[in-house]
Amino acid sequence: LINGTSGEIALSVDTTGAVTKPKQPAFSVHKNGTTQSDMAVGSTVDITFGTERFDINSDYNTSNSTFTAPVTGKYSFSVGLRLAYIDADSNYLVLGIVTSNESYRYIVDPTDTMTGDPDYYSITLTALADMDASDTASIQYLQSGGSAQTDAIGNPEYTFFTGHLVG
């Protein structure tokens, strides 16, 4: 199927019946070794992702670490965040996928899950978000209490943000 306006292929079906949509919004970004050190306590911290593995349709902005929905639809997002040096005396940690319409959050109580200040701790979160055209999605972290010693590790295998238009 060819887009009548631009003449580009909008939908393709191969001989096996596989359907591809070359302009379907999808992205995968990571920190590329850049660690955010000693993140603030008591306020949200934007987690930055400055390197794209891919960004079909160019909807992810690495300068502000934000995805902008090009069309209205349902979007699937996933984030993996590897933390280091968490203060086990903190009250709680929250990882969030934050969109223009809704926040999707995961909370951890370090006193229930950790002994001492762990060298590393990974949190993952997924969400299916209803977004309108021009809505945005980004990743935030919050630590309540304790010391500002937690780092978001920049290893691309553990700290990443992905998303795509489901329909």
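**Exercise 1. Secondary structure and overall build**

Task: State how many helices and strands the chain has, then describe its extent and burial.

Solution. 
Step 1. Count the elements. The chain of this predicted model has one helix and 14 strands.
Step 2. Take the extent. The C-alpha trace spans about 60 × 30 × 30 Å along its principal axes.
Step 3. Check burial. The chain has 167 residues, and 40% of them count as buried.
Step 4. Look at sequence separation. Take the contacts in the chain with a separation of 6 or more: 72% of them are between residues 24 or more positions apart.

**Exercise 2. Aromatic rings**

Task: Decide whether the pair Tyr75 and Phe77 is stacked or edge-to-face, and say which cluster these rings belong to.

Solution. 
Step 1. Count the pairs. Rings pair if their centres lie within 6.5 Å. By this rule there are ten aromatic pairs.
Step 2. Tyr75 and Phe77 are 6.3 Å apart, centre to centre, with 10 degrees between the planes.
Step 3. Classify. Planes under 30 degrees apart count as stacked. The pair Tyr75 and Phe77 is therefore stacked.
Step 4. Check burial. Buried means under 20% relative accessible area. Tyr75 has 0%, so Tyr75 is buried. Phe77 has 1%, so Phe77 is buried too.
Step 5. Widen the view. Ring pairs link Tyr75 and Phe77 with Phe27, Phe49, Tyr60, Phe67 and Phe161 into a cluster.

**Exercise 3. Charges over rings**

Task: Find which rings the charged ends of Lys31 and Arg82 sit over.

Solution. 
Step 1. Start with Lys31. Its charged end sits over the ring of Phe49, 5.8 Å from the ring centre.
Step 2. Link back. Phe49 is also part of the ring cluster of Exercise 2.
Step 3. Move to Arg82. The charged end of Arg82 sits over the ring of Tyr158, 5.5 Å from the ring centre.

**Exercise 4. The surroundings of Gln140**

Task: Locate Gln140, decide whether Gln140 is buried or exposed, and name its side-chain partner in a polar contact.

Solution. 
Step 1. Locate the residue. Gln140 lies in strand E12, which covers residues 136–144.
Step 2. Judge burial. The relative accessibility of Gln140 is 17%, so Gln140 counts as buried.
Step 3. Find the partner. The side chains of Gln140 and Asp46 are joined by a polar contact of 3.3 Å.
Step 4. List contacts, setting aside neighbours within four places in sequence. Gln140 then touches Thr44, Val45, Asp46, Ile47, Val94, Leu95, Gly96, Val98 and Arg105.

How values were computed
Residues numbered from 1 in each chain as written. Predicted model: local features only at pLDDT ≥ 70, side-chain atom pairs only at ≥ 80, totals over all residues. Heavy atoms only, no water. Phe/Tyr/Trp six-rings, centres within 6.5 Å; stacked < 30°, edge-to-face > 60°. Buried < 20%, exposed > 50% of the residue type's maximum accessible area, 1.4 Å probe, protein only. Lys NZ or Arg CZ within 6 Å of the ring centre and 35° of its normal. Helix = DSSP H or I, 4+ residues; strand = E, 2+ residues; numbered from the N terminus. Polar contact = N/O pair within 3.5 Å; in protein donor to acceptor, adjacent residues only side chain to side chain. Contact = heavy atoms within 4.5 Å.
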